[in-house]
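I opened the model and worked through it one element at a time. My entries follow.

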Amino acid sequence: MTARLPRQVKLFGAVSLLNDFASEMIYPLLPAFITGVLGAGPQALGALDGAAEFAAAFVKLGAGRLADRVPRRGPMIVLGYFVAVVVRPIIAVTGAAWQVIGLRVVDRLGKGLRTPPRDAMIADVTPAELRGRAFGLQRGMDHAGAVLGPILAWWLLASGANLRSVIAASIVPGVLVLVLAVWAVEDGRSRQKSVEVAPGTKPLPTSTDLYRPLPPPLLAISLFYLLRMPDTLIILRSQELGVPVAVVPLLWAAVHVVRSSSSFLGGAATDRLGPVRTMWAGWLVYALLAVGMARAGTAAAAWGLFLAFGLVAGLTESPERALVARLAGDRQGSGFGVYHGVTGFAALVGGVALGAVFQAYGAGPAFLTSAVGGIALVVVWPVLGRRAA
């Protein structure tokens, strides 16, 4: 008989769906809001993603350490969602790019607080052989919410609402997030258990001993976050190629249909083929698509390439988390804290650097720079992968 995923995993999937419903009503509109309404440039977009990920990374390191203590996980998760629900709608009344960046940072602080304990809970209550599917469900539901949010944003814009009113409306699904988050936490209090270190694996360092060398898989994952183009800049590139601002929410919703469906497939592939091979395939797809986006010249090409980028998330997010759960052993909180923290710092540096290249030299050189890094990682990964196997 096929084992079933624990109920708590499904509840957290529902929480992720509603939270991204609220978040993604706003996110695809930020490039137009910052550059059009507030008058900032591409570098501000790179700083937006970079600063947000830096804040989240900083908090995740400490949150991971705290999440090793099981009783603290529930309050941390609920508080993290509460911060995001309250802060996001305030973006609607901002008057300068730095204010949007600041609020986005606070939003990501909430994400940093909740993510390590949530992932640790999922890992602890799920049998090892089902973790790929468990994280595939969570990521798939997360991306499903990111389909619904932009569709509602598009409908509101098409009905005559302005950008500020659409952003403010995100408070409505946010309230439901809090209700479900409390339910998910309470449901899982008695389900968590210790997980032994998988034979033959090297545990991740804790958040207090990061001076230890990172395991090769986490190093490779961090390099991918360093070279990956931020979503805001992919959206801006699509607008340059002729995708109207009012249609961007639909494009964003469509790419999350791809992300959601491919996340389930990526989770299943992780359990069958292993996370190493699955991630490698995702990185190869990314490198090829980055080259395509650099050379694209029409709105139709932007649509096709942006949708294809959705495959990258499906092939990387689930195996990353399954691999971290295997390496972390009985220190799931610290393990996920290190993973999210290190990749967040990498995203900060990469986002700012690629945003600067975009602003100084244009989209083509920026995407080609990212693609070259991706190709190099694809070539080097088989060597690192042998050490991770």
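**Entry 1: helix α1, residue by residue**

I began with asparagine 19. Leaving out residues up to four places away in sequence, asparagine 19 touches Tyr81, Arg88, Arg114 and Val177. A contact here means heavy atoms within 4.5 Å. I noted that this is a predicted model, where local features need pLDDT of at least 70, side-chain atom pairs count only at pLDDT 80 or more, and totals for chains, interfaces and linings use all residues. Numbering starts from 1 along each chain as its sequence is written, and side-chain values use heavy atoms, with hydrogens and water left out.

Asparagine 19 is found in helix α1. Helices are DSSP runs of H or I with at least four residues, strands are runs of E with at least two, and both are numbered from the N terminus. Is asparagine 19 buried or exposed? Its relative accessibility is 5%, so asparagine 19 counts as buried. The cut-offs are under 20% relative accessible area for buried, over 50% for exposed, and partly exposed in between, with a 1.4 Å probe and protein chains only.

I then looked up phenylalanine 12, also placed in α1. Phenylalanine 12 is buried, because its relative accessible area is 0%. Not counting residues up to four places away in sequence, phenylalanine 12 touches Ile77, Arg118, Met121, Ile122, Ala184 and Val185. I checked one of these by C-alpha position: phenylalanine 12 and alanine 184 are 172 residues apart along the chain, yet their C-alpha atoms are separated by 6.1 Å.

**Entry 2: α1 against α6**

How do α1 and α6 pack? Helix α1 (residues 7-23) and helix α6 (residues 131-158) pack at about 25°, with axes 7 Å apart. The axes are lines fitted to C-alpha atoms, for helices over the stretch in contact, and angles run from 0 to 180 degrees between N-to-C directions. That angle makes α1 roughly parallel to α6. I used these classes: under 35 degrees is roughly parallel, over 145 roughly antiparallel, 65 to 115 roughly perpendicular, and the rest oblique.

I listed the contact residues next. On α1 they include Val9, Gly13, Leu17 and Phe21. On α6 they include Leu137, Met141, Gly145 and Leu152. By class, the contact of α1 with α6 has eleven nonpolar, five polar and three charged residues. Ala, Val, Leu, Ile, Met, Phe, Trp, Tyr, Cys and Pro count as nonpolar, Asp, Glu, Lys and Arg as charged, and the others, Gly among them, as polar.

**Entry 3: glycine 136**

Glycine 136 lies in α6. At 0% relative accessibility, glycine 136 counts as buried. Beyond four places in sequence, glycine 136 touches Ser263, Phe264, Gly267 and Ser318.

**Entry 4: serine 370**

Serine 370 sits in helix α15 (residues 363-388). Its 1% relative accessibility makes serine 370 count as buried. Which side chain does the serine 370 side chain meet in a polar contact? The partner is the side chain of tyrosine 286, at 2.5 Å. A polar contact is a pair of N or O atoms within 3.5 Å; within protein, one must be able to donate a hydrogen and the other to accept it, and residues adjacent in sequence count only if both atoms are side-chain atoms. Setting aside neighbours within four places in sequence, serine 370 is in contact with Leu227, Arg228, Met229, Tyr286 and Leu354.

**Entry 5: whole chain**

The chain has 15 helices and zero strands. Of its 389 residues, 59% are buried.
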